[in-house]
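User: I have a model open on my screen and would like to go through the labels on it. Could you tell me what stands behind each one?

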Amino acid sequence: MALAFGFMQNRQQFHFSYLVGFSYFSSLSLGALFYVMVQHLTGSAWSVTVRRLMENIMRTVPLALLLVIPIFLGTHSLYEWTHASAAQDHLLAKKIGFLNDQWFIIRGVIAIGLWSLLALRLYSISRKQDDNGSLAYTKAAEKWSAPGMVVLFLSASMAAFDWIMSLDPHWWSTMFGVYFLSGGALSFMAALIAICLALRSAGYLTNSIREEHYHDLGKWLFALTVFWAYIAFSQYMLIWYGNLPEETVWFQRRLAGSWSLFRPLLIFGHFFVPFFVLMPRSSKRNLKLLGFFAGWMIFMHYVDLYWQIMPVLHGQGFTPNWMDPVAWLAVGSAYALVFWSGLRQKPLVPVGDPRLEQCLAFHNV
């Protein structure tokens with residue numbers, strides 16, 4: 001209701017605020033899909049008891065087919081390439097064959113359709129294995145995950161180019177797809193840790209997800225923090241070193257005015273502080289500290305996406321609007337509803353997985 005009022009009040013602000021929220025939760029769900037496939041391909045035993053929670057987050061992927069509709073309907077408010085003046089721009093005129101409403105929608109539907117197929121198939125295989133514990137389901141999940149990983153990287157990179165990078169259609173970066181995916185993987189891992197700890201505080205999975213498992217989850221949170229920083233810095237360094245106007249314009253817009261305040265926040269809040277705090281072994285086994293930084297990284301991913309998207313609308317500087325948190329909560333509520341509904345249907349751990357016993361006995365070296 002609040003978003004509907006915001007739409008009538010300021011349509012352009014609504015679409016930008018909604019795009020931030022949609023990009024946030026779609027990237028998080030893709031992070032879940034990626035990690036479920038990683039677990040199947042590597043034959044990981046330590047993660048079996050947390051994989052069901054991963055799968056339930058992955059299960060939210062098809063929701064994007066519905067929630068992407070406001071983006072499709074708001075292309076004129078969001079994207080410069082939809083305007084009539086684009087045909088007069090010598091650079092944009094060359095991109096109109098790719099950047100147009102029809103192909104934008106087709107590419108979006110194809111990408112989300114492929115993600116949904118992978119997510120639902122892997123989810124179904126895991127659920128069926130609960131009934132008889134057949135090793136055939138483990139092999140089937142591996143067979144789907146191998147090509148699925150390639151499909152995910154290519155299609156998610158394309159979606160990141162369309163939904164976020166084309167907000168600045170004169171600019172491009174071949175690293176942007178990985179930048180988007182690294183942020184989604186990091187926010188997913190943070191969300192997974194937060195959910196595990198929330199269930200633990202409620203008395204669930206206390207014996208299935210032990211300190212040893214949280215230690216490994218903490219390792220992943222630390223590693224993804226480093227990987228995100230590596231990709232973000234590499235993209236910036238190559239563009240700074242090249243010093244080409246058509247590449248530097250993206251950073252110029254995001255380092256101007258009050259947007260420059262986001263730079264130290266991302267450098268220190270998104271990397272240096274969690275890097276040094278999470279580096280020691282003891283930090284990864286401290287559940288309170290781990291929970292705090294999981295929540296912190298959930299917030300920092302929003303800051304990162306906000307910084308990527310909003311300067312296109314508010315080029316003069318940071319201009320917060322009440323629709324920003326409302327849109328995030330509205331999209332997040334839909335994802336949370338699908339996630340929690342899945343938890344009620346089957347066991348919270350994959351009871352049929354042949355590696356379950358090995359997982360329960362897992363111990364970090």
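Analyst: Gladly! Let's start with arginine 51, which lies in helix α3 (residues 48-58); helices (H or I, at least four residues) and strands (E, at least two) are DSSP runs, numbered from the N terminus. This is a predicted model, where local features need pLDDT of at least 70, side-chain atom pairs count only at pLDDT 80 or more, and totals for chains, interfaces and linings use all residues. Residues are numbered from 1 along each chain as its sequence is written, and side-chain values use heavy atoms, with hydrogens and water left out.

User: Why is arginine 51 called buried?

Analyst: Buried means under 20% relative accessible area, exposed over 50%, and partly exposed in between (1.4 Å probe, protein chains only). Arginine 51 has a relative accessible area of 2%, so it counts as buried.

User: What is arginine 51 in contact with, leaving aside its neighbours within four places in sequence?

Analyst: Contact means heavy atoms within 4.5 Å. With those neighbours left out, arginine 51 is in contact with Gln39, His40, Ser126, Gln129, Pro350, Asp353 and Arg355. The C-alpha atoms of arginine 51 and valine 36 are separated by 6.8 Å, and these two residues are 15 apart along the chain.

User: Which residues are linked with Arg51 in a network of salt bridges?

Analyst: The network links Arg51, Arg52, Glu55, Asp130, Asp353 and Arg355. A salt bridge is a side-chain nitrogen of Lys or Arg within 4 Å of a carboxyl oxygen of Asp or Glu. By this rule the count comes to 11 salt bridges.

User: What makes aspartate 130 and arginine 52 a salt bridge?

Analyst: The closest N and O atoms of aspartate 130 and arginine 52 are 2.9 Å apart, and the rule asks for within 4 Å. Aspartate 130 lies in helix α7 (residues 101-132) and arginine 52 in helix α3, so the pair ties together parts that are 78 residues apart in sequence. Both aspartate 130 and arginine 52 are buried.

User: What about glutamate 211 and arginine 285: how far apart are the closest N and O atoms?

Analyst: They are 2.8 Å apart, and the two residues form a salt bridge. Glutamate 211 lies in helix α10 and arginine 285 in the loop between α13 (281-284) and α14, so this pair ties together parts that are 74 residues apart in sequence. Glutamate 211 counts as partly exposed at 37% relative accessibility, and arginine 285 counts as buried at 16%.

User: Why are the buried residues of α11 said to be on the same side?

Analyst: The buried residues of helix α11 (residues 245-254) are Glu247, Trp250, Phe251 and Arg254. They cover an arc of only 85 degrees around the axis, which puts them on the same side of α11; the arc is that of the directions from the helix axis to the C-beta atoms. An α-helix has 3.6 residues a turn, so residues three or four places apart point the same way. The buried residues of α11 pack against α9 (176-201), α10 (211-242) and α14 (287-309). On the other side of α11, Pro245 and Gln252 are exposed.

User: How many disulfides does a search of the whole structure find?

Analyst: The search finds 0 disulfides, a disulfide being a pair of cysteine sulfur atoms within 2.5 Å. Cysteine 196 is in no disulfide, as the nearest cysteine sulfur, that of cysteine 359, is 11 Å away. That is too far for a bond. Cysteine 196 is buried at 1% relative accessible area, and cysteine 359 is buried at 0%.

User: And why does threonine 75 count as buried?

Analyst: Threonine 75, in helix α6 (residues 75-78), has 6% relative accessibility and therefore counts as buried. Leaving aside neighbours within four places in sequence, threonine 75 is in contact with Thr82, Asp101 and Phe104.
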